[in-house]
Amino acid sequence: MGAVLDTIYTVWNQFVYTLSNLRIFDIIDILVIAFIIYKAVEFLRETRAGQLVKGIVLLLALYAFAIVFKLAVLRWLLSAVFGSAIVAVAIIFQPELRRLLERVGQTRISNIQTVGNKNEDIINSIYMICKSAGQFQKNKTGALIVFERKTQLGEIINTGTLIDAKVSESLIGNIFYPKSPLHDGAVIIRDGRIYAASCILPLTQSTAFSSQLGTRHRAAIGMTENSDAIVLIVSEETGIISVAFNGQITRNYTVESAFDFIKEKLVYENEQEGDTLFKRVIKCFSKKNNVENSVKEEENSED
């Protein structure tokens, strides 16, 4: 019991000593590291990289096991694997690393893209596109529509035909009409406008998806693996409406549910991400003042 108390006392003294010598830059250092770790964990959880990290952790545990029990062959083999781990990670995580670097390079100016009346235009365009998807569903007309977010899709746009026109049901219908010269490919939506058509998207290399998914769906997944775009897909064979986002695909959407999902990701999340820390503090302060004012008004009315 005495040894336990001595240990607690020693730890407490070290803690007090550390706090007494803590500088403001040490606090900033800790906060920055904590933020990086938080963002890394968040990034891994929302991508395919999370599963690969579990495999790496398992290999590290196996390597520790080989060291403890002196398994020479297994230790040599794992050492050779870890020796080329940097190159392997760069190859395996290429889509995730690219997306991460793109996020780091995105400025607050690009985050604040949709404000005021522009939001209404974007929401109207989303509604018309989803409504057109409902017609495609009835007619079993294939469609592939990419909503650009913060990641610029200039390379993809260059593979198609530039249009830059206002969204309308008739224009979307003409583009994806089976005999139209632009129907074979993807439409890119930028800032609520049809920016390009007949664009070629990268196919996903993942084998984790059902073999029933055709080229159109695999292209949609590949697009969202390499960018933060949202892709709306209408199957030509079944008429099923699907949405691809963040390297994943979900199916069996209705016009309403597709509209709600795309609007949430394209408009509302951009607004939240566009708020700087200063704006959030101002909002919280304003809310606090409003609450205090309402309480004072109630007290005065009671008096």
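## Salt bridges

A salt bridge is counted here when a side-chain nitrogen of Lys or Arg lies within 4 Å of a carboxyl oxygen of Asp or Glu. The structure is a predicted model, and by this rule it has six salt bridges. One of them joins D228 to K150, with 3.9 Å between the closest N and O atoms. This pair links distant parts of the chain: D228 sits in the loop between α11 and β5, K150 sits in the loop between β1 and α9, and 78 residues separate the two. D228 has a relative accessibility of 8%, so it counts as buried. K150 counts as buried too, because its relative accessibility is 11%.

Another salt bridge is formed by R190 and E148, whose closest N and O atoms are 2.6 Å apart. Here too distant parts of the chain are linked, since R190 belongs to strand β3 and E148 to the loop between β1 and α9 (154-157), 42 residues away. R190 is buried, at 17% relative accessibility. E148 is also buried, with a relative accessible area of 8%. A further pair is R23 with D26, at 3.3 Å between the closest N and O atoms. D26 is partly exposed, its relative accessible area being 23%.

## The chain as a whole

The protein chain holds 13 helices and seven strands. Of its 303 residues, 33% are buried. The accessible surface amounts to about 19,300 Å², and carbon and sulfur atoms provide 62% of it.

Contacts in the chain can be sorted by how far apart the two residues are in sequence. Among contacts with a separation of 6 or more, 63% are between residues 24 or more positions apart.

## The sheet

The seven strands make up an open sheet with mixed pairing, and their order is β2-β4-β3-β1-β5-β6-β7. At the edges stand β2 (161-166) and β7 (248-253); each has a single partner strand, so one side of each has no neighbour in the sheet. Direction ignored, neighbouring strands are turned against each other by 20 degrees on average.

Strands β3 (residues 186-190) and β4 (residues 193-199) run antiparallel and are joined by four bridges. In this pairing, A186 has C199 of β4 as its bridge partner. Helix α11 (residues 215-225) packs on the sheet, where it touches β1 (143-147), β5 (230-234), β6 (241-245) and β7. The direction of α11 makes about 175 degrees with that of β5.

β6 is mostly covered, with five of its five residues buried. I241, V243 and F245 point one way from the strand, while S242 and A244 point the other way. Buried residues are therefore found on both sides of β6, under the cut-off of 20% relative accessible area.

β5 and β6 form a hairpin with six residues between them, and G239 in the turn has a positive phi of about 80 degrees. The other partner is β7, which also runs antiparallel to β6 and is joined to it by four bridges. A244 stands opposite I249 in β7. This second hairpin has two residues between its strands, and N246 in the turn has a positive phi of about 60 degrees.

## A buried lysine without a salt bridge

K263 is found in helix α12 (residues 255-274). Side chains of opposite charge can pair when their charged atoms come close. K263 is buried yet has no salt bridge.

Methods
Residues are numbered from 1 along each chain as its sequence is written. This is a predicted model: local features need pLDDT of at least 70, side-chain atom pairs count only at pLDDT 80 or more; totals for chains, interfaces and linings use all residues. Side-chain values use heavy atoms; hydrogens and water are left out. Two strands pair if DSSP finds at least two bridges between them. Axes are lines fitted to C-alpha atoms, for helices over the stretch in contact, and angles run from 0 to 180 degrees between N-to-C directions. Contact means heavy atoms within 4.5 Å. Buried means under 20% relative accessible area, exposed over 50%, partly exposed in between (1.4 Å probe, protein chains only). Accessible areas come from the Shrake-Rupley method with a 1.4 Å probe; for residues, only the protein chains shown count as cover. Lys and Arg count as positive and Asp and Glu as negative; His and the chain ends are not counted.
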